[in-house]
Amino acid sequence: MFLGIDLGAGSLKATIINRDGALLAEASAPVETLRPRPGWAEQRPSDWLRAMSAALFTLGEWTDLHELDGIAFTGGTHSCVLLDAHGEPVRPTILWSDQRAGTEAAALNERMQERLIAIAYNKAAPTWSIAPLHWLVKNDPNAVRRTAQVLFVKDYLRHQLTGDFLTDRIDAQGTLMLDGADFTWSDELCDAIGWNRATLPEIRNPTDKAGVVNSAAAGRFGLRAGTAVYVGTCDTAAEVWAAGAVDVGSAVIKLATAGVVSVMVDRPYLQTDIAYKSFVVPQSGYVLAAINSCASAHKWLRGIIAGRGAASASFDELDLEAGATAPGADGLLFHPYLQGERAPYWDPALRADFLGLTMSHERGHLVRAFYEGVAFALRDAASRFRAAGLAIGSASLVGGGAVSEVWAQIIADVFAIEVRRPVHGDASYAAALLAAVGAGAFADETDAVRRAVVFGPAIRPREDVAAAYDRLFGRYQRSKQLLTALNHEISADA
């Protein structure tokens with residue numbers, strides 16, 4: 001049996017599979033996100049450990065965790081855990097969705113964008129670790145002085161089991177401080193923000209063995225001492241891989257905390273408006289366009305609809321109402337810029353809106369417009385692929401939002417492509433599959449996907465709805481442009 005543990009923005013999930021990739025058990029526990037100021041997002045690593053303990057306790061009631069043959073982790077990339085000399089976090093972790101470092105990112109691009117792209121293959125943005133680390137150098141120098149070691153989300157959790165200080169090449173690339181040519185930390189990029197390179201972890205492959213569960217961790221988390229633990233990688237790369245993307249041109253759309261469109265490629269794409277990263281499959285990569293708010297925004301919307309202090313309206317209840325509402329939501333349009341936006345605008349000052357509200361609109365219209373707005377945002381983000389010669393002919397659909405038949409059909413219609421959903425496609429499943437590859441249950445990363453990943457029925461676009469959405473997408477883009485200056489004014493006053 002193999003255990004995969006994924007830390008998302010709202011919860012930690014643990015999944016157990018067998019050597020054939022079949023799902024045996026899963027459990028999750030919530031994690032709180034702190035928002036001390038508009039545009040900020042932080043989490044306490046101590047909360048992650050409580051969530052991991054709770055999820056493993058639940059799994060331990062269903063199966064014997066002492067029989068595990070391997071463990072691997074995934075988690076959101078870009079988010080740095082700063083540890084002191086005793087291995088304790090020196091401050092809450094700034095998440096990938098945090099937008100406070102917009103000024104630092106802009107300054108880095110103005111000063112050295114060509115060098116950033118030449119070395120790290122991407123330009124700076126508030127999301128990439130280099131910008132928030134630069135913000136910390138300027139605004140929290142005491143925390144920086146106390147930092148003896150930097151780990152990333154999944155590495156910190158794995159460190160609790162093994163004591164290792166390692167990361168993988170994909171999470172390392174998410175810092176924008178890695179030389180993409182040889183997967184070594186770049187002195188030039190570290191020096192650009194005054195960061196001590198010696199604090200950064202050693203770099204391995206996702207399926208490399210990191211160590212074994214030590215006796216202290218075994219007692220704390222109910223595991224067997226000596227169980228093999230593998231490095232793991234970032235959640236998006238793992239999900240793209242476990243969604244069947246092992247061939248060049250394969251595409252994956254992710255409806256999770258963030259929304260992501262990814263395409264497998266066979267070479268780096270060194271462009272200012274497309275992000276490129278190394279991939280789980282060695283000697284390959286993927287390009288991606290990501291939006292900041294997706295399932296996280298759905299949770300926000302459910303809370304708003306239910307009212308403060310009331311239980312959140314259920315996902316299924318609202319999904320039914322959205323499905324009963326006609327495409328186009330009777331003229332209601334939604335821009336999902338609740339945390340600024342990444343692709344294609346890279347603008348932390350953008351704000352979300354519902355546009356076109358009337359007295360005739362009900363909550364089903366709000367949810368329908370939300371689904372459509374996120375789909376439009378993802379299409380907008382992926383529009384840069386075409387300029388780079390990358391076409392999306394079909395896609396796998398993953399993430400918590402993919403369980404919605406309504407939302408999945410909207411994605412197919414907005415993109416005018418066929419989509420398919422893996423039966424088990426989340427990051428915790430992918431992490432377990434990484435452990436299985438590391439332990440030798442499969443020949444390699446490609447063999448694991450071809451043998452283990454199973455898909456449900458294909459979802460095809462409806463020609464008339466796709467044509468209507470194509471017109472509405474133009475309205476989505478035009479209204480965004482008209483509101484940009486006002487959004488910047490509002491953001492400046494916040």
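Strand β1 (residues 2-7) is largely enclosed by the rest of the structure, because 6 of its 6 residues are buried (buried means under 20% relative accessible area, exposed over 50% and partly exposed in between, with a 1.4 Å probe and protein chains only). The model is a predicted one, so local features need pLDDT of at least 70 and side-chain atom pairs count only at pLDDT 80 or more, while totals for chains, interfaces and linings use all residues. Residues are numbered from 1 along each chain as its sequence is written, and side-chain values use heavy atoms, with hydrogens and water left out.

As for neighbours, β1 runs antiparallel to β2, with 6 bridges joining the two (strands pair if DSSP finds at least two bridges between them). I5 sits opposite A14 of β2, and the two strands make a hairpin with 3 residues between them. β1 also pairs with strand β5 (residues 70-75), this time in the parallel sense and over 6 bridges. In that pairing F2 faces G70 of β5, and L7 faces G75 of β5.

These strands belong to an open sheet of 6 strands with mixed pairing, in the order β3-β2-β1-β5-β14-β13. The edges are taken by β3 (23-30) and β13 (209-212), each with a single partner strand, so one side of each is left without a neighbour in the sheet. From one strand to the next, the twist averages 20 degrees. Axes are lines fitted to C-alpha atoms, for helices over the stretch in contact, and angles run from 0 to 180 degrees between N-to-C directions. Helix α1 (residues 45-62) packs on this sheet and touches β1, β2 (11-17), β3 and β5, with its direction at about 145 degrees to that of β3; contact means heavy atoms within 4.5 Å. Helix α9 (residues 235-242) lies across β1, β5 and β14 (228-234), and runs at about 95 degrees to β14.

Over in helix α2 (residues 102-120) is A106, which is partly exposed with a relative accessible area of 45%. A106 and A237 are 131 residues apart along the chain, and their C-alpha atoms are separated by 26 Å.

A second open sheet also has 6 strands and mixed pairing, and its order is β17-β18-β16-β15-β21-β22. Here β17 (275-278) and β22 (418-420) stand at the edges with a single partner strand each, so one side of each lacks a neighbour in the sheet. The twist in this sheet averages 30 degrees from one strand to the next. Strand β15 (residues 251-255) and strand β16 (residues 259-265) run antiparallel and are joined by 5 bridges; one of the bridge pairs is K254 with V260 of β16. Helix α13 packs on the sheet, touching β15, β16, β21 (394-398) and β22, and its direction makes about 135 degrees with that of β15.

Two packed helices are described by the angle between their axes and the distance between the axes. For helix α13 (residues 405-415) and helix α16 (residues 463-493), the axes come within 7 Å and cross at roughly 70 degrees. α13 and α16 are therefore roughly perpendicular to each other (angles under 35 degrees count as roughly parallel, over 145 as roughly antiparallel, 65 to 115 as roughly perpendicular and the rest as oblique). The crossing of α13 past α16 is right-handed, meaning that the near helix is turned clockwise from the far one by less than a right angle, with anticlockwise giving left-handed. I410, D413 and V414 of α13 meet V465, A466 and Y469 of α16. By class, this contact has 5 nonpolar, no polar and 1 charged residues (Ala, Val, Leu, Ile, Met, Phe, Trp, Tyr, Cys and Pro count as nonpolar, Asp, Glu, Lys and Arg as charged, and the others, Gly among them, as polar).

Then there is another helix pair. The axes of helix α14 (residues 427-438) and helix α15 (residues 445-452) come within 10 Å and cross at roughly 125 degrees, and the two helices are therefore oblique to each other. α14 passes α15 in a right-handed crossing. Y429, L433 and V437 of α14 make the contact with E445, A448 and A452 of α15, which by class gives 5 nonpolar, no polar and 1 charged residues.

Notes
Helix = DSSP H or I, 4+ residues; strand = E, 2+ residues; numbered from the N terminus.
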